[in-house]
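Please look over the model shown here before reading on. The questions that follow take up some of its residues and elements in turn, and each answer ends on what was asked for.

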Amino acid sequence: MTEPPAPLTAPPDASSPAGPPPGPVTAAAPAPPSVALRASLAGTAVSLLLVLAIVFGSRLLKDFDSALLPYAVATVFLAFGVAYRYTVWISSPGARRLFKQGWRSLFSAVNFRKAPTALPRMIATYLGFQKFLGARSHARWAAHQLIFWGCVLAAAITFPLTWGWFTFTAESGAGPGYEMRIWGFRILGFDSLSLAGWLMFHGLDIAAVLVIPGASYFLWRRMKDRGAITGQRFGYDLVPLIALIVISVTGLLLTFSSIFLHGGGYQFLAVLHMVAVVFTLIYIPFGKFFHIVQRPAAVGMQLFKYTGRQDEQVFVCKRCGEPIDTAPYVENLRGTMRDLKLDFDAWAAYCPRCKRVLRGSAYLGHVKKGFK
């Protein structure tokens, strides 16, 4: 039976399970214009810092490859967009509170003494292996892992090369020996015909092989799963997957062209690949990929909740006595609701089941009785 539509009400009074009649919810005020200005300044500052890092990291552009200029420009736009949206995001009351609590937990000496290994474990399980996805579906977890590690590998190779931080220099004109340098300093030498050399020059192909099955699975799921189809949007849910597949396929075709076709069609594929990469980099701050930037901030929040559980600061439901979450987390949620002037922060003292029961009681007591 579908729950009757009723506006959220003030929290029930202790003496009456039904509580007062339903009332309207106060709408949150729109973000002030100063947030956009602050975000623009943050984006500009981060972009300028990246430009300076490119100039000095490439030894005053001595190691910068001009053929990669479109990629470098796209990363500057990426830096601006990420800084802009991140600033807007943490300016909202809810995100700002969680952000502050996360950093406070992260740098807390007390937390470190109580659980010195908590942060490394959360980084590994929450960011690296994303174990929380395995609870939803093992197939989705495996596909997400393929995309995640493929993108991490591609970013670790592409960005430093694009910025001129990494260079590969032949030791001699005739020999297969190469040197890898970072910021002009020699890191290691390797034989291009060895396994290490093959892995060095085909790292992006390996990343593409990881990304294609993962992105294809999610694209297939978006086409077949009714739950996914119901709420999906083409630009938000499908375009990112298509972009990843196009980037990966065109990257593999570039290698195929150079090895088996003696460069046939290479120029067209290179332009197509570049367009796909540039589009995706610019799209990241304003689409679904932005969760990549948001996810690390959640580690601090997980640490905040973890330390509350370690201290046995468990908040129980006011009605049924079942545990809801840690007491500091619930209080943080209530503070956010007060900041937003929602006027029903006391509802956080009840578990989801009891909220539904109390709302049903309020409906029967104050709405439906008018039809008797």
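Q: In which helix is Thr75 found?
A: In this predicted model, Thr75 has contacts beyond its sequence neighbours within four places, namely with Leu50, Phe159, Trp163 and Leu281. As for its own element, Thr75 is found in helix α2.

Q: Is Thr75 buried or exposed?
A: The relative accessibility of Thr75 is 3%, and a residue counts as buried when this value is under 20%. Thr75 is therefore classed as buried.

Q: Which residue has its backbone oxygen 2.5 Å from a polar atom of the side chain of Thr75?
A: Thr75 belongs to helix α2, and its side chain carries a polar atom that lies 2.5 Å from a backbone oxygen. The residue that supplies this backbone oxygen is Ala72.

Q: Where does Phe80 lie, and is Phe80 buried or partly exposed?
A: The place of Phe80 is in helix α2, the helix that also holds Thr75. The relative accessibility of Phe80 is 29%, and values between 20% and 50% fall in the middle class. Phe80 therefore counts as partly exposed.

Q: Which residues does Phe80 touch, not counting residues up to four places away in sequence?
A: Phe80 and Ala45 are 35 residues apart in sequence, with their C-alpha atoms 8.1 Å apart in space. When residues up to four places away in sequence are not counted, those that Phe80 touches are Ser40, Gly43, Thr44 and Ser47.

Q: How many Å apart in space are Gly43 and Ala83, C-alpha to C-alpha?
A: Gly43 is found in helix α1 and is buried, with a relative accessible area of 0%. Leaving aside neighbours within four places in sequence, Gly43 is in contact with Phe80, Ala83 and Tyr84. Gly43 and Ala83 are 40 residues apart in sequence, and from C-alpha to C-alpha their distance is 4.7 Å.

Q: What is the phi of Leu61, which is not a glycine?
A: Leu61 lies in the loop between α1 and α2, where it is partly exposed with a relative accessible area of 44%. Although Leu61 is not a glycine, its phi is positive, at about 70°.

Q: In which loop is the place of Trp183?
A: Trp183 is a residue other than glycine with a positive phi, near 55°, and it is partly exposed, with a relative accessible area of 44%. Its place is in the loop between β2 and β3.

Q: Which residue lies 18 residues from Trp183 in sequence and 5.1 Å from it in space, C-alpha to C-alpha?
A: Not counting residues up to four places away in sequence, Trp183 touches Gly57, Arg59 and Trp165. The residue that is 18 residues from Trp183 in sequence, with a C-alpha to C-alpha distance of 5.1 Å, is Trp165.

Q: At what angle do the axes of helix α7 and helix α9 cross?
A: Helix α7 covers residues 138–162 and helix α9 covers residues 203–224, and their axes come within 8 Å. The crossing of α7 and α9 is left-handed, and by class their contact has 18 nonpolar, 5 polar and 2 charged residues. The angle at which the axes cross is roughly 145°.

Q: Which residues have the most contacts inside the largest nonpolar core?
A: The largest nonpolar core has 22 residues, and the elements that give two or more residues to this core are α2, α7, α9, α11 and α12. Apart from this core lies another, of 10 residues, among them Cys317, Phe344, Trp347 and Leu358. Within the largest core, the residues with the most contacts are Ala215, Leu244 and Leu281.

Q: With which residues is Leu244 in contact, leaving aside its neighbours within four places in sequence?
A: Leu244 is among the residues with the most contacts inside the largest nonpolar core. Leaving aside neighbours within four places in sequence, the contacts of Leu244 are Ile147, Cys151, Val211, Ala215 and Phe289.

Q: Is Thr280 buried or exposed?
A: Thr280 lies in helix α12 and, leaving aside neighbours within four places in sequence, is in contact with Ala243, Ile247 and Phe289. Its relative accessible area is 6%, which is under the 20% cut-off, so Thr280 is buried.

Notes: Residues are numbered from 1 along each chain as its sequence is written. This is a predicted model: local features need pLDDT of at least 70, side-chain atom pairs count only at pLDDT 80 or more; totals for chains, interfaces and linings use all residues. Side-chain values use heavy atoms; hydrogens and water are left out. Axes are lines fitted to C-alpha atoms, for helices over the stretch in contact, and angles run from 0 to 180 degrees between N-to-C directions. Helices (H or I, at least four residues) and strands (E, at least two) are DSSP runs, numbered from the N terminus. A crossing is left-handed if the near helix is turned anticlockwise from the far one by less than a right angle, and right-handed if clockwise. Ala, Val, Leu, Ile, Met, Phe, Trp, Tyr, Cys and Pro count as nonpolar, Asp, Glu, Lys and Arg as charged, and the others, Gly among them, as polar. A nonpolar core is a set of buried Ala, Val, Leu, Ile, Met, Phe, Trp, Tyr and Cys residues joined through side-chain atoms within 4.5 Å. Buried means under 20% relative accessible area, exposed over 50%, partly exposed in between (1.4 Å probe, protein chains only). Contact means heavy atoms within 4.5 Å. A polar contact is a pair of N or O atoms within 3.5 Å; within protein, one must be able to donate a hydrogen and the other to accept it, and residues adjacent in sequence count only if both atoms are side-chain atoms.
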